[in-house]
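Subject: The structure for you to look at

Hello,

Here is the structure I promised to hand over, with the sequence alongside. Could you open both while you read my notes below?

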Amino acid sequence: KQWYQRSSGINAEWPLRPGDKARRLGYKNKQGICIYRTRVKRGGRKRLAAKGICYGKPKTSGVNQLKFQRSLQSVAEERVGRACGGLRVLNSYWVGQDAVYKYYEVICVDTAHKAIRNDPRINWICNPVHKHRELRGLTSAGKKNRGMGKGHNYTKVIGSSRRANWKRRNTLSLRRYR
């Protein structure tokens, strides 16, 4: 009830699951690393259609029973990443839920802080290539939604993505000297 009545995103002073989750996902109790507790509305995602009118073929006519392709956890990471532009999203984990919301804690890193820049175990995230990892599906939750992984269960994404994999297999390559 206490979370339900608070604002959607708050800077938590300490993680709610420090031992079993936060530290396993990269959290350290040091300067430059902070936790944001955020919430995402549960349930499917309704289509934005004026007066419920979907034009086109009958297949595209649904409004209500549509499911979002990414998990609510990745949506939570994305919202925190947009709200805190100067921080990098490291990881996130579930902390609770009620009838309306799911609550997540997102681990963020301040890459301008000297304690982060001088720590060889975490300063990889200071490189510019890691800006907004959460928006590009590079966090743990985002990779899961893209179907990325190792082993024989993940052969559909060889070549960086499902689309690249499909395109490579379905493109006829007619080289000049063949």
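In helix H3, the buried residues are Leu72, Ser74, Val75, Ala76, Glu77, Glu78, Val80 and Gly81. Please keep in mind that this is a predicted model. The cover over these buried residues of H3 includes strands S2, S3 and S4 as well as helix H5 (140-146). Helix H3 itself takes in residues 72-83 and lies across S2, S3 and S4, running at about 125° to S2. From its first C-alpha to its last, H3 reaches 17 Å with its twelve residues, close to the 16 Å expected at 1.5 Å a residue.

Is Glu78 buried or exposed? Its relative accessible area is 17%, and buried means under 20%, so Glu78 counts as buried. Leaving aside residues up to four places away in sequence, Glu78 touches Arg70, Glu134 and Leu135.

Next, the sheet. Four strands form an open sheet in the order S1-S2-S4-S3, and the pairing is antiparallel. At the edges are strand S1 (9-12) and strand S3 (87-97), each of which pairs on one side only. From one strand to the next, the twist averages 25°.

How many bridges join S1 to S2? There are four, and the two strands run antiparallel, with S2 spanning residues 33-41.

Now to the aromatic rings. A search of the whole structure turns up two aromatic pairs. In one of them, the ring centres of Tyr4 and Tyr101 are 5.7 Å apart and the planes stand at 55°, so this pair is tilted. Tyr4 belongs to helix H1 (residues 2-5) and Tyr101 to strand S4 (residues 101-110), so the pair ties together parts that are 97 residues apart in sequence. The other pair is Tyr101 with Tyr103: the centres are 6.2 Å apart and the planes are at 55°, so this pair is tilted too. Through these ring pairs, Tyr4, Tyr101 and Tyr103 are linked into a cluster.

How accessible are these tyrosines? Tyr4 counts as partly exposed, at 42% relative accessibility. Tyr101, at 14% relative accessibility, counts as buried, and Tyr103 is buried as well.

Notes. Residues are numbered from 1 along each chain as its sequence is written. This is a predicted model: local features need pLDDT of at least 70, side-chain atom pairs count only at pLDDT 80 or more; totals for chains, interfaces and linings use all residues. Side-chain values use heavy atoms; hydrogens and water are left out. Rings of Phe, Tyr and Trp (its six-membered ring) pair if their centres lie within 6.5 Å; planes under 30 degrees apart count as stacked, over 60 as edge-to-face and the rest as tilted. Buried means under 20% relative accessible area, exposed over 50%, partly exposed in between (1.4 Å probe, protein chains only). Two strands pair if DSSP finds at least two bridges between them. Axes are lines fitted to C-alpha atoms, for helices over the stretch in contact, and angles run from 0 to 180 degrees between N-to-C directions. Contact means heavy atoms within 4.5 Å. The expected span of a helix is 1.5 Å times one less than its number of residues.
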